[in-house]
Amino acid sequence: MNAGEPTRSSGFRSAVYVNRQFGTCGSLIILLILLTGFSASADSVIIGSKKFTESYVLAEIAKQSLERVGIKAEHRQGMGGTIILWEALRGGGIDVYPEYTGTIAEEMLKQPGASMAQIRHALSAQGIALTDDLGFNNTYALVMRRDRSEQLGLKTISDLRAHRELKFGLTHEFLGRRDGWRPLSERYQLAPSQVLGIDHALGYAALSKGEIDVKDAYSTDAKIGDYGLVTLIDDLHFFPQYKAVFLYRKTLASQASHALNDLSNSIDEARMIRLNSEAERTKNYAAAARQFFGATENASPFVSETFRSKLLRWVTRHLELAGISLLLAVIVGLPLGIIASRGGAIGHTILGITGVIQTIPSLALLALLVPLPFFGISARTAIVALFLYGLLPIVRNTATGLQDIPPPLRESAVALGLTAGQRLRKILLPLASRSILAGIKTSAVINIGTATLAALIGAGGLGEPIISGLNLNDHVTILEGAIPAALLALLVQFLFDLLDRVLIPRGLRL
């Protein structure tokens, strides 16, 4: 017996052991993931909101209005900008969301200056209805710090023309809107030296610190008063009216549509500003909605969702998104890795494509998937995006693990008379199991972290408090999502390290 034979025999015994363990434990893992179902919301009215305070508050008012007449409702917070919410409503991803007449005419219908009758007719043709306006006009505005505007003598938007040195910080949506920065700058002949794209809430903080000089705002923003800002007069009357309404699908139950329409003409501009201020003071959109109903007669008591309940809901959905996408990545990634291990043009192509997918920014990948048929604003869109991100580590590690198996072991398997399939199942995959498991672990950790972005398309998870905290500039709320996400990633890594010790014999680990 030569020196290599004991090692080869030990390798075969380890391979058989791993093959059996993977067969049993792998089946259990797959079964557990498949048993993890999505929380049922088919019987709920799904309400969406954009990523700014007033939209959150109005969505909460709609939610509580429906609950007060016995209709179950779910609020998917901060789903993004106009296009995402509009596509979600048309595609059935949500049932209701607050919008503004100027945005509907300018951005969604491409009919500037359309009357309410024209708007209703155009929306009805797409299966969408809208309430009468809620009672206030939330138009766009440009704002500055009061001391800065007084120092430069700026009162109107036209006055900005003479001060090209000013730095503008504008929201990304405003920069791209048909009624936003480009046509505004053309109308007023503005050409500032620097125009930055910035988040709505973070822009206020930058303005107060003097990091920017001018930003776009909504006329009912509570922060205009809180930060002592001045609104520049729209002296050329560029901005249309933005009357607040609720858009909803015409398939909505009549009781639900009646509850939404009952909110018409119930909120004036001063009251909306107070509600926005309450939301930002308490860091609680539901509290602001309760304040609105507190002024009504016979208001039934409202029970707010506890943090424990919210955390359980966030974590459960987060694990569902990450778990299902990981399972799909394993099912698809292992065969691709096996093929890639054989090298050649096909192998290089597989590794190249999965590598390119990994380089696509996560937000861009979500944006690319949303308009496609079957996807839209849904959990399946988030799952597919996470699945695509999880492929590369599994494919690469599977290919590398198989390629690194020593030739003597491969030759011994052939000498035993095993078929190609038997060699792969009983010898090669078990010997490469440590590398494969490391790839799956990497994919799992990536999915846990990236799944926070699913909240941007209303898929929920631990991204919900993170996005809400960014909107409120509230670090505590951000940490409510960030800390559990980090702990989940550490827990997953620990469990895979434990799985490595259980599944992989000591001989192969060394």
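## How to read the model

Residues are numbered from 1 along each chain as its sequence is written, and side-chain values use heavy atoms, with hydrogens and water left out. Because this is a predicted model, local features need a pLDDT of at least 70 and side-chain atom pairs count only at pLDDT 80 or more, while totals for chains, interfaces and linings use all residues.

## The overall build

Let us start with the whole protein. It has 23 helices and 10 strands; both are DSSP runs numbered from the N terminus, with helices being H or I of at least four residues and strands being E of at least two. Of its 510 residues, 51% count as buried. Here buried means under 20% relative accessible area, exposed means over 50%, and partly exposed is in between (1.4 Å probe, protein chains only).

The protein exposes about 23,300 Å², and carbon and sulfur atoms supply 59% of that area. Such areas come from the Shrake-Rupley method with a 1.4 Å probe, and for residues only the protein chains shown count as cover. Now for contacts, which are heavy atoms within 4.5 Å. Among contacts between residues at least 6 apart in sequence, 76% join residues at least 24 apart.

## Space inside

Rolling a probe the size of a water molecule over the atoms shows where empty space is left. A cavity is a set of points, on a 1 Å grid over the protein atoms alone, where a 1.4 Å probe fits but cannot get out; its lining residues have an atom within 4 Å of a point. Grid points are joined across faces, edges and corners, and a volume is the space filled by probe spheres set on the points. The structure holds 3 cavities of 30 Å³ or more.

About 90 Å³ of space lies in the largest cavity. It is lined by 13 residues, and Tyr100, Thr103, Tyr140, Arg177 and Tyr218 lie nearest its centre. By class, this lining has 5 nonpolar, 4 polar and 4 charged residues. In that scheme Ala, Val, Leu, Ile, Met, Phe, Trp, Tyr, Cys and Pro are nonpolar, Asp, Glu, Lys and Arg are charged, and the others, Gly among them, are polar.

## Aromatic rings

A pair of aromatic rings is described by the distance of the centres and the angle of the planes. Rings of Phe, Tyr and Trp (its six-membered ring) pair if their centres lie within 6.5 Å; planes under 30 degrees apart are stacked, over 60 edge-to-face, and the rest tilted. By this rule the count comes to 12 aromatic pairs. One of them is stacked: tyrosine 56 and tyrosine 285, at 4.2 Å centre to centre and with 25 degrees between the planes. This pair links distant parts of the chain, 229 residues apart, with tyrosine 56 in helix α2 (residues 53-68) and tyrosine 285 in helix α13 (residues 285-294). Both tyrosines are buried.

Phenylalanine 174 and phenylalanine 239 have ring centres 6.3 Å apart and planes at 45 degrees, so this pair is tilted. Phenylalanine 174 sits in helix α7 (residues 172-176) and phenylalanine 239 in the loop between β9 (229-231) and β10 (244-249), so the pair ties together parts 65 residues apart in sequence. Phenylalanine 174 and phenylalanine 239 are both buried. They also belong to one aromatic cluster with Phe52, Tyr140, Tyr218, Phe238 and Tyr242.

Look for histidine 318 in helix α14 (residues 307-340). Histidine 318 is buried, with a relative accessible area of 0%. Leaving aside neighbours within four places in sequence, its contacts are Ile448, Ala451, Thr452, Gly461, Leu462 and Leu488.

Glutamate 464, in helix α21 (residues 463-472), counts as buried at 12% relative accessibility. Not counting residues up to four places away in sequence, glutamate 464 touches Arg313, Trp314 and Ala455.

Most residues other than glycine have a negative phi. Lysine 110, which is not a glycine, has a positive phi of about 55 degrees. Lysine 110 lies in the loop between α4 (101-108) and α5 (116-124) and counts as partly exposed at 43% relative accessibility.

Glutamine 189 also has a positive phi of about 55 degrees without being a glycine. Glutamine 189 is found in the loop between α8 (181-188) and β7 (194-197), and at 59% relative accessibility it counts as exposed.

Notes: On a 1 Å grid over the protein atoms alone, a cavity is a set of points where a 1.4 Å probe fits but cannot get out, and a pocket is an open set with protein on both sides within 12 Å along at least five of seven lines; lining residues have an atom within 4 Å of a point.
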